[in-house]
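The stops below are given in the order in which they may be selected.

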Amino acid sequence: MTVCDVLVVGGTGRVGASTVQWLDRLSNRSRKGTPTLRIGIGGRSTTHFEAAKRRLGLQDLSFRHVDVDGESQSLMAAISDVKLVIHTAGPFQGRLNPTLLHACIKAGVPYCDVSDELLLSRNAKILSAEAAAAGIPAVISCGIWPGVSALMAATAVERMGGPGACDRVELSFHTAGTGGAGPTIVSATFLLLATDVVTYQNGVLTHREPWTEQRIVDFGPGIGKHKCFLLDNPDVCSVAEALNIANCASRFGSTPSIWNTLFGAMKALPRELLYDRSAMQVLAIVSMPVIRMVDALVGKTNAMRVDAYRRSDDGSSKQITLRCVHSDLEDCVGQATAAFGMELLRGRVCTSMGKATIEPGVWYPAELQAAARNNILTVVKDNTLIWEM
């Protein structure tokens, strides 16, 4: 088996391939005389791997057969000698068992993923004590959102005075078109339309109807104001619980506005159809020609805004707003995911980067210490159109 330091499972997809590309860039940038990371792609198709390898132009990439739905022994055999596993093989909706994380803990391999499925992340979090006992650090629900948005929320709350200092945190997201996303991300959005939105209302976890409660959100100069609607995001629970926030919700919207209208119309379909993974993947693939045409007209911008609010006893209020905008969703998701991965390697494989900042256990991004948070945000700041932090 070819030697591999970092294995990106799902690395032939758009998010995974962008993560591979950014891992290569960041490892070259920080190596300071040490060897570049040896990167592998884990998946089920050698044909897809060869196509991704040609597209990325990275000749030293290796391939390992990995089926995340396969048996534990086969997963452990594929990952046992690597230094880090990054799981990008979505969509994650409908999955409940963190099989790959469990295999990593057994094999003694650090782990992170881009899961945007709340129940899956909850089940992964249950393994924290097991990971800590094994000396394995893992970060779940990474990426740009969820992921960096939670780091932004933690930064805002810290500036308000720390956990418990804020009454409310609002997370808002906007993409131009699909942000250049592939069919997997598009199908995941379809699946989210069948998923109740988890919010926190006065300290109580509350389920709301998706794609409702429209708000107009200002994402800053050059991006402007856009409609955003409730959509499920595991950052809501992790932010509310880790930072002691009584009220928290997440909203998303897109341009042109016809996409918002279509999403609203799709929500009226029977939930059993919307939650059919195969059907939604087929619909996403069939829709791609139209999606690509629209994306070519409107661009791929990804915009995020985090608002933190605090009300004082005298009735006065304080608000902190943070904004982050990238020109390309696909690129910045890979950039953010790779940044989380590199932070897990800090002090372990990439010793030239300094001491480890992430302790053994399973962590949400909102739970990371300030040193890890700031290191990741420093990487994500590259190539931003707006960085108001």
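Select Ser250, which lies in strand 12 (residues 247–255); helices (H or I, at least four residues) and strands (E, at least two) are DSSP runs, numbered from the N terminus. The model is predicted: local features need pLDDT of at least 70, side-chain atom pairs count only at pLDDT 80 or more, and totals for chains, interfaces and linings use all residues. Residues are numbered from 1 along each chain as its sequence is written, and side-chain values use heavy atoms, with hydrogens and water left out.

Is Ser250 buried or exposed? Ser250 is buried, because its relative accessible area is 2%; buried means under 20% relative accessible area, exposed over 50%, and partly exposed in between (1.4 Å probe, protein chains only). Display the side chain of Asn233 as well: a polar contact of 3.2 Å joins it to the side chain of Ser250. A polar contact is a pair of N or O atoms within 3.5 Å; within protein, one must be able to donate a hydrogen and the other to accept it, and residues adjacent in sequence count only if both atoms are side-chain atoms. Setting aside neighbours within four places in sequence, the residues in contact with Ser250 are Leu171, Phe173, Phe229, Leu230, Leu231, Asn233 and Val236, where contact means heavy atoms within 4.5 Å.

Helix 9 (residues 235–242) is mostly covered, with 6 of its 8 residues buried. After helix 9 comes Asn244, with a positive phi near 55°.

The peptide bond from Trp145 to Pro146 is cis, with omega near 5°. A further cis peptide bond runs from Gly90 to Pro91, with omega near 0°; Pro91 lies in the loop between strand 4 (84–87) and helix 4 (99–107).

Now select Asn202, in the loop between strand 8 and strand 9. Its phi is near 55°, a positive value in a residue other than glycine. Asn202 is exposed, because its relative accessible area is 66%.

Continue to helix 13, where 15 of its 17 residues are buried. At its start, a side-chain oxygen of Asp328 reaches to within 3.0 Å of the backbone nitrogen of Glu330. Show helix 14 (residues 370–380) beside helix 13 (residues 329–345): their axes come within 9 Å and cross at roughly 140°. Axes are lines fitted to C-alpha atoms, for helices over the stretch in contact, and angles run from 0 to 180 degrees between N-to-C directions. Gln335, Ala336, Ala339, Phe340 and Glu343 in helix 13 meet Ala371, Ala372, Asn375, Ile376, Val379 and Val380 in helix 14.

Past the end of helix 13, select Gly347, whose phi is positive, near 75°. Gly347 is touched by Ala356, which also touches Arg346 and Arg348, residues up to four places away in sequence not being counted. Ala356 is found in the loop between helix 13 and strand 15 (361–363) and is partly exposed, with a relative accessible area of 35%.

Finish at Asn383, in the loop between helix 14 and strand 16 (384–388). Asn383 has a positive phi of about 70° although it is not a glycine.
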